[in-house]
Amino acid sequence: MTAEKMKKSGLPIIITLVFLALIILVNIFASMLTDRFFLRIDLTEAGIFTLSDRAVDFLAEVNETVDVVVLAEESTWRASTGLSMIADILTNYAASSGGNIRVQYVNPDLNVFDGPNYGNSLSTLVEAHSELEGMTRNDIIFISERRATRVPLASLLTQQGLAVDQEFISALIHVLNERIARVVFIENHNESATEQIRVIFERGGFVSSSINLALDEIPEDTVLIVSAAPKFDFLPEEIIKLEEFFALGGNILILYDFNTPELPILDTFLAEWGVAVDHMLVLDEDHALMTAGGEIVIGAHVSEGPLPFTEYAAAFTREAIPMGVHRARPLRAVMGEGVMQNMFPLVRTISTSSFAKPLDGTATTIEREPGDPSGPFTLAYNIRHLTRDADNNQVWANLIVVGAGMFDDPFLSAFSGTFFNATLLTGIANDLNPFGERIFIPARDLTPTNLVVSAAGARNVLIIMVIIVPLLIIVAGIVTWRRRRHK
């Protein structure tokens with residue numbers, strides 16, 4: 001075979017190999033760019049993979065390293081459509097932070113992760129951060145040099161939609177804040193269980209503790225005091241402590257449920273600031289959800305008010321399907337004696353068919369009777385008081401009274417994603433934290449979407465582009481070469 005023939009016969013092979021090498025390099029380079037800068041087109045109707053403007057702005061300002069540890073194998077998450085979606089959003093977070101957010105997937109059974117500061121041991125990580133106790137498979141851990149926190153998978157996918165932005169940004173705020181706010185739960189009036197409420201405030205950047213208000217002093221670094229549906233009245237000495245705390249710019253949150261009795265001393269304190277809680281139960285004919293246990297849901301929306309939360313939640317809850325409030329107590333404004341007070345309704349019932357009945361044996365029926373007070377009702381008030389703190393700085397103190405803020409019964413705990421209670425408290429937690437950003441991002445509706453690509457479908461596309469197409473090109477090159485060779 002002459003040199004000329006070898007040149008002619010070998011040229012197609014060389015071209016094919018070069019072309020194949022270019023395809024492989026392009027795929028590798030494109031994959032690297034996609035992971036680094038999240039170069040993907042979001043074709044979903046709800047914009048699932050497109051971060052909210054609030055999240056993008058926050059991530060652009062992250063200037064220190066945050067390690068995000070997913071307690072699961074990445075292959076397991078990628079094999080599930082829902083989990084793969086969250087994994088893609090995490091990739092987008094890492095890209096939008098300029099690489100300051102580093103994501104890794106770890107099998108929790110192996111007790112090993114890429115964390116030199118903790119000896120690469122998950123057990124050592126938990127020992128260093130007590131807030132991580134109880135972490136389990138599929139939890140997402142956020143770690144900075146200051147502190148760590150965990151986001152349970154169940155909190156990301158609720159019946160309201162995809163709550164990833166709110167949960168992830170709240171977790172980042174918590175681990176990045178220079179200072180941390182303290183929320184104190186009063187526990188000596190037979191208050192209801194507060195574990196779910198504590199988690200919400202921890203997501204909002206707080207650390208929590210409990211006190212017996214009759215015996216203990218309020219910690220100096222306390223930003224917010226919570227009384228979760230007290231069953232016994234306050235002592236006069238306790239009210240004095242609350243008044244002094246409020247007078248120096250502290251925030252107070254009083255949560256009622258349908259079991260909260262009349263509490264004359266606490267009621268007098270609230271009335272002095274302009275709000276009364278009626279011994280009634282709000283019902284709603286238009287938005288009632290009756291269960292076997294006679295449970296009722298009331299359609300409600302957020303009213304516009306001075307807190308940043310209300311700016312976003314008001315339009316959201318009016319335009320969306322009415323969000324539910326469970327077993328609500330109606331609140332009303334009364335003539336108070338507070339100086340420079342401002343009262344703002346936070347939550348109102350939607351339908352004029354809502355009505356209230358006394359808290360007795362007939363309270364769980366929805367038949368309207370002549371003379372029943374009719375709605376809409378106010379279910380939460382924010383009373384603001386302009387004052388000066390201990391350093392003589394002018395500040396606003398907030399007294400927030402909620403007639404439907406509890407999580408203590410199994411019905412609400414099982415379906416908390418359906419109800420507005422968690423969303424309301426999330427907004428309050430973000431607004432009352434004086435340190436760092438205050439961000440509230442409503443959950444995204446997951447249905448309907450214009451395009452759904454499963455993890456298996458994505459793998460098939462990858463196989464076609466990286467393996468099958470190059471093989472076809474090679475085969476075509478060999479066929480061309482053989483034909484030219486026999487000419």
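**Close-up views of a predicted model**

**View 1. Helix H2 and its two sides.** On the face of helix H2 turned away from its buried side sit the exposed residues Asp53 and Ala60. This is a predicted model, and in it H2 runs over residues 53–60, with Ala55, Phe58 and Leu59 as its buried residues. Looking down the axis of H2, these buried residues fall within an arc of 95°, so they line one face of the helix. What covers them includes helix H4 (81–96), strand E2 (101–105) and helix H6.

View 2. Helix H6 spans residues 164–176 and has 13 residues. From first C-alpha to last, H6 reaches 18 Å, close to the 18 Å expected at 1.5 Å a residue. How much of H6 is buried? The helix is mostly covered, with 13 of its 13 residues buried.

View 3. Ile383 counts as buried because its relative accessible area is 0%, and buried means under 20%. Ile383 and Phe344 are 39 residues apart in sequence, yet 6.4 Å apart in space, C-alpha to C-alpha.

**View 4. The second largest pocket.** This pocket has a volume of about 960 Å³. Its lining is made of 34 residues, and Thr222, Val223, Leu248, Gly249 and Gly250 lie nearest the centre. By class, the lining has 16 nonpolar, 6 polar and 12 charged residues. Which elements each supply at least two residues of the lining? They are strands E7 (181–186), E9 (222–228) and E19 (394–402), along with helices H8 (236–247) and H12 (420–432).

How values were computed. Residues numbered from 1 in each chain as written. Predicted model: local features only at pLDDT ≥ 70, side-chain atom pairs only at ≥ 80, totals over all residues. Heavy atoms only, no water. 1 Å grid on protein atoms, 1.4 Å probe; cavity = no way out; pocket = protein on both sides within 12 Å on 5 of 7 lines; lining within 4 Å. Points joined across faces, edges and corners; volume = space filled by probe spheres on them. Helix = DSSP H or I, 4+ residues; strand = E, 2+ residues; numbered from the N terminus. Nonpolar A, V, L, I, M, F, W, Y, C, P; charged D, E, K, R; others polar. Expected span 1.5 Å × (residues − 1). Buried < 20%, exposed > 50% of the residue type's maximum accessible area, 1.4 Å probe, protein only. Arc of directions from axis to C-beta. Contact = heavy atoms within 4.5 Å.
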